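Here are a few exercises to work through with the model open beside you. Try each task before reading its solution.

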Amino acid sequence: MNIDLTQACPVLRNRTEENDREKGRIPVKCRQRNRFIPVFLIGVAVLSVLSLLYLEIDWLKMASRVGDIGVVFWDLAHLDFSNMDLILSSLVETISIAVLSLLYSLILGIVFGMLAARNVFRIPVLSVVTQSFFTFLRAVPTPVWVLLMLVCLGMGPEAGVAGLCVHTTAFFTKSFAQSFESIPDETIEALEVTGASRLSIFMNAVLPAALSQIVAWAGMRLETNFSECAILGMVGAGGIGYVISNSLQGYDYGAAGVAILLVFLVAYCIERGFVRIKKKFS
Amino acid sequence: MKPILKFDNVSKHYPNGVHALKDVSFEVREGEFVSVIGPSGSGKSTLLRAINRLIPISGGTVWLDGQAVSALRGRSLRQLRRRVGMIFQNYNLVYSLSVLQNVLHGRLGYMGGVKGIFGLYSEEDKQGGLDLLEELGLADFAYNRASDLSGGQKQRVGIARAIMQGPKLLLCDEPIASLDPSSAKTIMDLLRYMTRRRNIACIVNLHQLDVALKYSTRIIGLSKGEIVFDGPPEQLDDATIERIYGTSRENLMMGGNRDDQTDTADCA
């Protein structure tokens, strides 16, 4: 039997325009419809069903534990300030790790972003090689890099800074390269015809023009790095994450609650702060 | 008067098969003010960009100040380029920088090493930039962001940047196409004044025939990549205009009848 898929499944129908006209209605959609979208949606649905079957999630058991979520959060809400000195000092340590890794990555990101941007040196091979190298670094998540650095450099904040730097630099390289490439070619051309060298054009025109975007990326990344620091502490890279995981494991929910609240507050302040800075820059 | 620029049977074809320039030959001498006119797609922009090798040519030779442009690469090309200023339709300034910084960009070609990279301009250059802004009536705006200026002011900064290079030749690619009539007049007056005072040869691509007739000492008419007229404005008669634009003079003026509207739409 020959089933017409477009008849059976309305989303795949491509000739809605003629269809509408036949029925005396005025068509409104684009002639060329993107047929990839329904295929994508069907694909997602199929993969979701397969995942559910594979994981064999016991929904009943999960539902019976929902009540515990309330209990734990209730315990967390009983803030315990007796360990404040330890919590504050590890919070400062976490902020320092986040700031230092951001600073190093900013410098490295500008250098590598310059190499990766297609419009700065106009050497396509250089851009492709840099881009793909950092795509590889980016594909490995930060905690894995920190674990690797812990093996190489030993326990402590150095490993945290180094591990965060790898991923942050990779992220900055891509985003800065995009920012540099968004500078109009005509602007670069205008400096090219003055006889300026490529590096000079980059430093005097491309970088200043991309500065507000760089600040925005840096702000976003400082916030992420700070929150990631909290996870990294749990694998032994120092900072407030260590306090959180230690307190949770020792059923000291009050102290963990204070630490989590502080993480949230600092992340929020960083975000608000950079929103203000960005406004002044643009 | 010495020739500054010489086109020797220059041709350019693009990979898509378009012949933008066909065996174009002409000379430009010191102090000349040359307008290049022609309809869209006649090769005006290609001709201008072949001079400082923004577009590489496919045949013939461009001689600039006695040097063959097409033979140059890297450092020697940069040294040649700094003797040629260029002004663009869209000004192409760095809008997040100050007006003075944009003007000083004209000096970057002369600054090597660390100074060039970090933009450490000499006091002499800075004073020169300020004097130039004064001359162009922008002294009060030297420390404003370039984005704060109006279109005509931005183009004046573009002129200052090009003059800052100390060029022997100034190339202007549709310098007034984005401006209102009064700013356009200011810009054309300034171009003529600045180049005449410094004895700089000037080549201007223009859409506006009346402007070309008023300002130039010489007009080059291009049609489909070929020079169909080369001479002083007085010699440009109606028959030649029709040969250049493929339509009569009346249709080129605003408010003309017939297919004027569609012509304008095609040009835009």
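**Exercise 1.** In this predicted model, find the handedness of the crossing of H6(A) and H9(A), then describe how the two helices pack.

*Solution.* Start with the handedness: H6(A) and H9(A) cross in a right-handed way. Next, take the geometry. Helix H6 (residues 84-116) of chain A packs against helix H9 (residues 157-181) of chain A at an angle of about 40°, and their axes are 6 Å apart. Because angles under 35 degrees count as roughly parallel and 65 to 115 as roughly perpendicular, H6(A) is oblique to H9(A). Finally, sort the contact of H6(A) with H9(A) by class: 18 nonpolar, eight polar and one charged residues.

**Exercise 2.** Work out how many residues each chain brings to the contact, and characterise the side of chain B.

*Solution.* Chain B contributes 23 residues and chain A 18 residues. On chain B, helix H2 (74-81), strand S6 (84-87) and helix H4 (113-118) each provide at least two residues of the side that touches chain A. By class, that side of chain B comprises nine nonpolar, eleven polar and three charged residues.

**Exercise 3.** How far apart do the C-alpha centres of domain 1 and domain 2 of chain A lie?

*Solution.* First locate the domains: the assignment for chain A gives domain 1 (5-57) and domain 2 (75-281). Their C-alpha centres are 40 Å apart.

Key: Residues numbered from 1 in each chain as written. Chains lettered and ligands numbered in written order. Predicted model: local features only at pLDDT ≥ 70, side-chain atom pairs only at ≥ 80, totals over all residues. Contact = placed C-beta atoms within 7 Å. Helix = DSSP H or I, 4+ residues; strand = E, 2+ residues; numbered from the N terminus. Nonpolar A, V, L, I, M, F, W, Y, C, P; charged D, E, K, R; others polar. Domains from an automatic or database assignment. Axes fitted to C-alpha atoms, helices over the stretch in contact; angles between N-to-C directions. Parallel < 35°, antiparallel > 145°, perpendicular 65-115°, else oblique. Left-handed = near helix turned anticlockwise from the far one by under 90°.
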